[in-house]
Amino acid sequence: MAVTKSVLPGGSGRPPSLDNLLEVRDLHTHFHVMDGVVRAVDGVSFAIRPGQTLGVVGESGCGKSVTALTIMRLLDMPPARIGETSEIWFEGRDLLRLSEEEMRHVRGNDIAMIFQEPMTSLNPVFTVGDQIAEAVMQHHAVKRRAAMDKAIDSLKAVGINNPERRVMQYPHELSGGMRQRVMIAMALSCDPKLIIADEPTTALDVTIQAQILELIRTVQDDTGAALMLITHDLGVVAETVHDAIVMYSGRVVETGTVEEVLLAPKHPYTEGLLSSIPSKGKRGARLNVIKGTVPNPLNMPQGCNFAPRCPYRFDACGPHDPRIEDANPPDVACWLYTAAPGHGIPPRVRPRVESEATA
Amino acid sequence: MTERAVPSVEEGTASGAPLAGAEAAPTLVDIRNLVKYYPIHGGVLRRKVGDVKAVDDVSFDVRRGEVFGLVGESGCGKSTLGRTLIRLQPPTGGSASIDGEPIFTKKGADLKRLRRRMQIIFQDPVGSLNPRMPISDIIGEGLLAQADRENGWGNSANRTKRIEDYLEAVGLRRDFTRRYPHEFSGGQRQRIGIARALALDPEFVVCDEPVSALDVSIQSQILNLLLDLRREFNLTYLFIAHNLSVVQYISDRVGVMYLGKIVELAPVEELYENPRHPYTVALLSAVPDSDPRTRKKRIVLRGDVPSPAAPPSGCRFHTRCWLRERLGNPENCVTEEPEFREIKGDHRVACHWAEKVTEGTVEKAAAESVTIDTAEPISAV
């Protein structure tokens, strides 16, 4: 397995690696609200290579959607504020430093987004054909007629039969699965290099979810686009992505190939998450739980954010904040694996060092 | 119905394990030919032009002490069934009884007494708690309504004590009574909903998607709690959910619904290991597995669920059935409604061709399963 890790050192100011399509470095997105500052994304770094599928896993409130919206620059600022050292490199340009005009060109054309709720993300008063054609006309100098043809083609590409009739229909005339196909068609209509899918199947039933995941996979094979798949469902991650990052309260806590993360989780949070999923082997036994709840974003604990809920917590966790960048290799943010300041050898010695050397 | 019940007895002793062990427990809730239609009004005069057949002739029994799981996709009628059963809405037809007492014919004081025995836990922990009421009122309202001389719930000190006891039973602090719902997290709110249902001392609890709105780490806390409470208070659950892994974990027997009908019913292990209805097979194969090593053989169903206002003739699943296709589209799937028949002790299935569902056919179907297929129109209603 390639050793390219998804996490990079943050805010270095050096030019982006040519291997990467997208490089997010030390991203901070904070919301200044009446009661204080919510650090929704707090120092997140990762990279996506062309054609790669990266899964972003985490529970509600961990900052995964905000990360996506920041990349697309779709957040209202204020209240959102992005850290000054943060960088988002996409094909040699820092998206955070583009003008609104330039950014509009990137959206849809280079990076497209598929949202969770297909009903609210489609405009109810326009036909689906109009909505796809609008996107096409925004980005290409084509007439309406040609844009409409393109819309029909892209509906066909996502497996909607009778697309000539479908383009004339309004979103309410379609089922949930069909609407999600329309969203995907819209995202594909301008041949993006990166697709960000934010919980694309969460609102759908399993049989429809299977259709949509199959579709996303096929589309990706056909177009060679990279995919950033945001989800809370570890099953979806296991079936769809190559690499995964796990987020917890605004931080990346673990990263690796999907096999590494799901079969040999390192971070106690990932471990807890996996063991709390009900499955057939656990029938009759109590489920493991991660005790407590996600910390209040206005009042983060000192040191490691996960420490108050962590079963392995020890004296290094309270005062010191583990950073994934400090780990070697940088794949987990936990004092069990990295020597904390003033502490000797970390409790879990890493068996992976030889494999790094041979690679 | 014979002794064939698969849950292993050794495991049955662990906490929260199936109580329905070797011999089948006696029936607690018996549902016969339950029908629930919602009228569709149309035209200028708003005349009735049709019916949405949400639940269409469903019969099964829930045994005392068991968790009966009811699964199906959205719109299949599983929640309607649960709500109709405990008389949150009137049935269109059929009958049901709890412990021999008829449910649908009760009126007045009798009905009120009956309601105490059957409670419900809702899906949405936000929408199901009144934001203007403190927790003491949310839980206390039902107690007050059901107060009589025997239980003494009319007395405010008794009531407060009971509210606090139940808050504690669901893992919340006793002094939370004066707080309001917005002060709690989703998992805590769901606990409040559970306390509200259990405070009335029910025997039978309908759990309508109780964990679907929760994150995985909170979900497992609530599932553990539900199983603990079942033991502590001798409860019987009708557990409605669309998440197949959750249902597999918690249920003793499972019914699978499709378009208002139960198409398959079996003990949980039997159903998951040896599904016989082509819909169940496809549904189970669609669940993504969190183990990346197992690439599942998957049968991707075509299109969407047809409209329950105009369900297909014969077998309702025939429009999407992969098995029918493999068998060369036999005529009786379209013309004859399959009988809900027993194919093995305690395993019932509504399919003419259930015997053709074997490992071999499933494997072949999965291998040839068309990946991108056209979604059929939901037939212009």
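A nonpolar core is a set of buried Ala, Val, Leu, Ile, Met, Phe, Trp, Tyr and Cys residues joined through C-beta atoms within 7 Å.

**View 1. The largest nonpolar core of the predicted model.** In this predicted model, the largest such core has 211 residues. The residues with the most contacts inside this core are I184(A), L194(A) and F239(B).

**View 2. The surroundings of I184(A), one of the residues with the most contacts inside the largest nonpolar core.** When residues up to four places away in sequence are left out of the count, I184(A) touches I114(A) and V158(A), and the list also includes L215(A), I216(A) and V219(A).

**View 3. The contact between chain B and chain A.** On the two sides of this contact are 44 residues of chain B and 47 residues of chain A. Helix 6 (216-233), helix 7 (244-250) and helix 9 (278-286) of chain B each contribute at least two residues to the side of chain B that touches chain A, and the largest share of that side, six residues, is supplied by helix 6 of chain B. Sorted by class, the side of chain B that touches chain A holds 20 nonpolar, 16 polar and eight charged residues.

**View 4. The fold of chain A, with its twelve helices and eleven strands.** The radius of gyration of chain A is 21 Å, close to the 21 Å given by the globule rule for 359 residues, so chain A is as compact as a globular protein of that length. Of the 359 residues in chain A, 53% are buried, and among contacts in chain A between residues at least 6 apart in sequence, 62% join residues at least 24 apart.

Definitions and conventions:
Residues numbered from 1 in each chain as written. Chains lettered and ligands numbered in written order. Predicted model: local features only at pLDDT ≥ 70, side-chain atom pairs only at ≥ 80, totals over all residues. Contact = placed C-beta atoms within 7 Å. Helix = DSSP H or I, 4+ residues; strand = E, 2+ residues; numbered from the N terminus. Nonpolar A, V, L, I, M, F, W, Y, C, P; charged D, E, K, R; others polar. Buried ≥ 20, exposed ≤ 12 C-beta atoms within 10 Å, placed from the backbone. Rg over C-alpha atoms; globule rule 2.2 N^0.38 Å.
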